[in-house]
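Student: I'd like to learn how to read some features of a protein model. Could you walk me through them?

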Amino acid sequence: MSEQNLPVAAEIQTRLLRSPYHQWLGLKVLSVGEGEITLQATWREEWSVNPDNPYTHGGILAALIDLTADWALVSYTGRGVPTVDLRVDYHRPAIQGDLTIRGKVVKAGKQLSVAEARIEDAQGVLLASGRGVYLTTPPKA
């Protein structure tokens with residue numbers, strides 16, 4: 001895809017927030033480049049596993065890894081793509097607070113592509129990382 005056809009941050013923000021789930025996650029596009037995206041997720045009390053120890057449920061972190069890697073591919077292909085496989089590694093508990101998620105395309109293929117994402121806290125500490133395989137076969141006309 002040529003650079004002039006790539007979606008800009010404001011366009012990706014609009015498309016991203018069409019999803020009620022993405023709205024609930026409080027997603028904001030911080031930056032976008034060809035094959036790269038940085039998002040912020042606004043922490044919600046509902047993410048907490050235990051009110052006495054408010055760390056974020058791993059399922060929320062996995063969803064953030066998946067959608068950020070997917071949207072890194074959107075920044076490259078201009079369209080959303082379905083997840084084929086996903087792996088997530090949890091490095092530290094994500095304690096109450098907003099999260100920054102950085103996604104990038106590792107390999108863009110004609111049928112399958114690979115993208116990865118990293119979740120960091122407000123201090124830039126790595127909390128979780130992951131890699132996904134996505135179906136990038138062009139849609140049938």
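Tutor: Gladly! Let's start with how helices are labelled: a helix is a DSSP run of H or I with at least four residues, numbered from the N terminus. Keep in mind that this is a predicted model.

Student: How are tyrosine 21 and tryptophan 24 separated in helix H2?

Tutor: Both belong to helix H2 (residues 20–24), and because they are three residues apart, about one helical turn separates them.

Student: And how many aromatic pairs are there?

Tutor: Rings pair if their centres lie within 6.5 Å, and planes under 30 degrees apart count as stacked. By this rule there is one aromatic pair. The ring centres of tyrosine 21 and tryptophan 24 are 6.1 Å apart with planes at 15°, so this pair is stacked.

Student: Now the helix packing. At what angle do the axes of H1 and H3 cross?

Tutor: Helix H1 (residues 9–16) and helix H3 (residues 58–77) have axes that come within 11 Å and cross at roughly 130°. H1 and H3 are therefore oblique to each other, and the crossing is right-handed.

Student: Which residues make the contact?

Tutor: H1 contributes Ile12, Arg15 and Leu16, while H3 contributes Trp71, Val74 and Ser75.

Student: What does the UniProt annotation cover?

Tutor: The unreviewed UniProt entry annotates residues 55–127 as "domain: Thioesterase". Over that range the chain is 27% helix and 41% strand, with the end C-alpha atoms 11 Å apart.

Technical notes:
Residues are numbered from 1 along each chain as its sequence is written. This is a predicted model: local features need pLDDT of at least 70, side-chain atom pairs count only at pLDDT 80 or more; totals for chains, interfaces and linings use all residues. Side-chain values use heavy atoms; hydrogens and water are left out. UniProt positions are given in the numbering used here, feature names are shortened, and annotations may be inferred rather than shown by experiment. Helices (H or I, at least four residues) and strands (E, at least two) are DSSP runs, numbered from the N terminus. Axes are lines fitted to C-alpha atoms, for helices over the stretch in contact, and angles run from 0 to 180 degrees between N-to-C directions. Angles under 35 degrees count as roughly parallel, over 145 as roughly antiparallel, 65 to 115 as roughly perpendicular and the rest as oblique. A crossing is left-handed if the near helix is turned anticlockwise from the far one by less than a right angle, and right-handed if clockwise. Contact means heavy atoms within 4.5 Å. Rings of Phe, Tyr and Trp (its six-membered ring) pair if their centres lie within 6.5 Å; planes under 30 degrees apart count as stacked, over 60 as edge-to-face and the rest as tilted.
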